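Hello,

Here is the structure I promised to hand over. Please open it first, then read my notes below.

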Protein chains: 2
Amino acid sequence: MNETLLMLPGPTTVHPRVLAAMSRAVVNHRGAKYGEILSETNKLMADVFQTSNDAYLLTGSGTAAMEAGISNTVASGEKMLNIVGGKFGERFMKIAQTHGIDAQELAVEWGTAVTPEAIKEALDADEDIKAVSVIHNETSTGVAAPIEEIGKVMKNYDALYIVDTVSSLGGDYVDVDKFGIDVCVTGSQKCIAAPPGMAAITLSDDAWAAADKIDSPTFYLDMKAARKSGNKVPPQTPYTPAVSLTYAMNEALNMVMEEGLEARVARHHKAAEASVAAVKALGLELFADEAVSSATVTAVKMPEGISDDQFRGTTRDKYGVELAGGQDHLKGNIFRIGHMGNISYKELTQAFAAIGMTLKGLGVIEDAGAGVASIAESYL
Amino acid sequence: MNETLLMLPGPTTVHPRVLAAMSRAVVNHRGAKYGEILSETNKLMADVFQTSNDAYLLTGSGTAAMEAGISNTVASGEKMLNIVGGKFGERFMKIAQTHGIDAQELAVEWGTAVTPEAIKEALDADEDIKAVSVIHNETSTGVAAPIEEIGKVMKNYDALYIVDTVSSLGGDYVDVDKFGIDVCVTGSQKCIAAPPGMAAITLSDDAWAAADKIDSPTFYLDMKAARKSGNKVPPQTPYTPAVSLTYAMNEALNMVMEEGLEARVARHHKAAEASVAAVKALGLELFADEAVSSATVTAVKMPEGISDDQFRGTTRDKYGVELAGGQDHLKGNIFRIGHMGNISYKELTQAFAAIGMTLKGLGVIEDAGAGVASIAESYL
């Protein structure tokens, strides 16, 4: 009863089954027992990525996996195109710049999605582009990029296709092999609903071929070291992994597969549609273009005349529901409802009740129940 | 009863209090609740480092902290002296090379410790050396370096003093400010006895001054980003931290402070002395020079005629005690007994009983009880 409901774009509420798995006794990370759970978890991870290539757990945040993905496959001095329509697109730019990559930006208005045509034009205009990075689900704006359609374009070019699915994998439709993704990264604490602290990555043959030509510019995130250790008997990680978080990931991924990927993605889409309808029922405005609104996070314009502290402070402190604010120039201008992981009408009901009560309390709306009523109608 | 006793140089057995803390509900890593636990944990970490400077938790292994320590404070092209007498000294060399640092090696025979005089000579011979790295406790050989005495030498030079205390902090005597250490790194799963997956680092004013002149060559391990986020209200990490492992570190560090640093270090030294005596009682030979034998891990020469699999496989599979083997060229030539974290005569009794029974079973010794009897005598 006292726990705050997390309606964030990560971390998400962790299921008791996962917490219980995490608290099992720590074992030797160089032994057979850990090797077994590591390879099983990496295999589950590959299944969720929908790839026949190997997947690798990394101890670190999604950002660590983003850096591993770029720095191992794009060499210093090589040209790379980054699609930037939010904070995480900017992050790929900054990571590329950190490693001396010739980082080109394809800017997209925040709240809108890049089109496959724009990427095609950019690739046609410059044949030196060795890689393209796309954020599947731009958490900062609540926009989903059309990664399947972009994949169809990318198949006609040699450039590597690098996709961040940190806040979408396990919640929106991602099929790494079918979409032709060369480097795909994700995090533990989003739609997979494990605690934060682990990330995962998978590389295609083309990505490995690129990696084999590069001396990794970082030691900790060297994917060739990860591959070498992964091939040992028993399988290992190059440096000590978060053993307890591996247990947690294993259990969380088992829960993903028990539900089934298709059903899980459908459940997330349902939550997104219900959230959009409830936002409208409250008379609020979406921040993102509705046509490209995310399956896992809904961004909403902050009603005029109230501050982020007033709004989110009240939903959190008075009603026990934690929403996310805007980042950077969107701070105070939007709020974001995460609906990822273990999410159903129950959590959305609480969230929209809290939003409605808060807005009525602040004198912004007259009908506190319009949002939560809409959720009930959506899930009827 | 079925759990294997870990007598490894990390990970170590995690106390149920720490496991329970870890399994608490995950909170928003950008909110006040996490900010409070983060700053409390960083403060505890600084207390254990014995520094008035800030300490920072990193989500990653000890290697990540080693890389953060070097790459943020020594610029590409600058000259750095690395003391190499084992696998972790080699690791500092490799990390430095990864970042284009002019990495010089002061080689020390494996099993022996560097002398302060040798470091003084090297610094006198080359005034371009900007930093010196020392592994306090070389886990691969069971040797402790005299970091207090080296610190007295280092105070006469401008070079930064970088010390890896991954497998010593909380188990052997480390006083960062008194020893004049500029960069000190450690890990969660050694003497602090939390699960693996977190590391910590502290930087002196001189180290920060060096860092302020360098663009961090990695994005994930950028310490200036960590400092900036740490100064926010509430305090944060630049990228999503392992929230559950922060809980675990908090509880484990509280247990360290409840015991008292001095008492904890004395307990580890007692375990080391008892182990050395028991090794001798079994007629076995130490690998490390006894005068510099580690407080947290004892390395022992493998008796002639038996293989690593025979010996460690038996202690583990038949007797439920997991020991560490040798690494690299020491594989099969030594075994290592970790005695770090929550260690008392009870664990050593089990370990030396298992060692004695195994060796008698393999026909190497006649008296299976000599080691465990020696432990009892030591702790009488």
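Start with one pair in chain B. R17(B) and E258(B) form a salt bridge, with their closest N and O atoms 2.9 Å apart. This pair links distant parts of the chain. R17(B) sits in helix 1 of chain B, E258(B) sits in helix 10 of chain B, and 241 residues separate them. How open are the two partners? R17(B) is partly exposed, at 31% relative accessible area. E258(B) counts as exposed because its relative accessibility is 53%, and exposed means over 50%. In chain A, salt bridges that share partners join R17(A), E251(A) and E258(A) into one network.

Please keep in mind that this is a predicted model.

**Other salt bridges**

The search of the whole structure gives 28 salt bridges over all chains. R267(A) and E259(A) meet through their side chains at 2.6 Å, N to O. E259(A) is partly exposed, with 29% relative accessible area. The other pair is E290(A) with K280(A), where the closest N and O atoms are 2.7 Å apart. It also links distant parts of the chain, 10 residues apart. K280(A) belongs to helix 11 (261-281) of chain A, while E290(A) lies in the loop between that helix and strand 11 (297-301) of chain A. E290(A) is partly exposed, with a relative accessible area of 44%. For K280(A), also partly exposed, the value is 44%.

**Where the chains meet**

Now turn to the interface. In it, 47 residues of chain B are in contact with 47 residues of chain A. The two chains bury about 3,400 Å² between them, and 67% of that is on carbon and sulfur atoms. On the chain B side, V26(B), F219(B) and Y220(B) lose the most area to chain A. Together they make up 19% of what that side buries.

How many salt bridges cross this interface? The rule finds zero. It does find eight residue pairs in polar contact across the interface, with both residues at pLDDT 80 or more.

Which elements of chain B take part? Helix 4 of chain B gives the most, with four residues. By class, that side of chain B has 23 nonpolar, 17 polar and seven charged residues.

**Inside the structure**

The largest nonpolar core holds 110 residues. M45(A), I119(A), V132(A), M45(B), I119(B) and V132(B) touch the most other members. Take I119(B) as a case. Leaving out residues up to four places away in sequence, I119(B) touches I83(B), L106(B), V114(B), V132(B), V134(B), I150(B) and M154(B). Another core lies apart from the largest one.

Last, look at helix 6 (residues 147-154) of chain A. Why is it largely enclosed by the rest of the structure? Six of its eight residues are buried, so the rest of the structure largely encloses it. The buried ones are I147(A), E148(A), I150(A), G151(A), V153(A) and M154(A). What covers them includes helix 5 (116-125), strand 5 (129-135), strand 8 (160-164) and helix 7 (176-179) of chain A.

Best wishes

Methods:
Residues are numbered from 1 along each chain as its sequence is written. Chains are lettered from A and ligands numbered from 1 in the order in which they are written. This is a predicted model: local features need pLDDT of at least 70, side-chain atom pairs count only at pLDDT 80 or more; totals for chains, interfaces and linings use all residues. Side-chain values use heavy atoms; hydrogens and water are left out. Contact means heavy atoms within 4.5 Å. Buried area is the accessible area (1.4 Å probe) that two parts lose on being put together, summed over both. A salt bridge is a side-chain nitrogen of Lys or Arg within 4 Å of a carboxyl oxygen of Asp or Glu. A polar contact is a pair of N or O atoms within 3.5 Å; within protein, one must be able to donate a hydrogen and the other to accept it, and residues adjacent in sequence count only if both atoms are side-chain atoms. Helices (H or I, at least four residues) and strands (E, at least two) are DSSP runs, numbered from the N terminus. Ala, Val, Leu, Ile, Met, Phe, Trp, Tyr, Cys and Pro count as nonpolar, Asp, Glu, Lys and Arg as charged, and the others, Gly among them, as polar. A nonpolar core is a set of buried Ala, Val, Leu, Ile, Met, Phe, Trp, Tyr and Cys residues joined through side-chain atoms within 4.5 Å. Buried means under 20% relative accessible area, exposed over 50%, partly exposed in between (1.4 Å probe, protein chains only).
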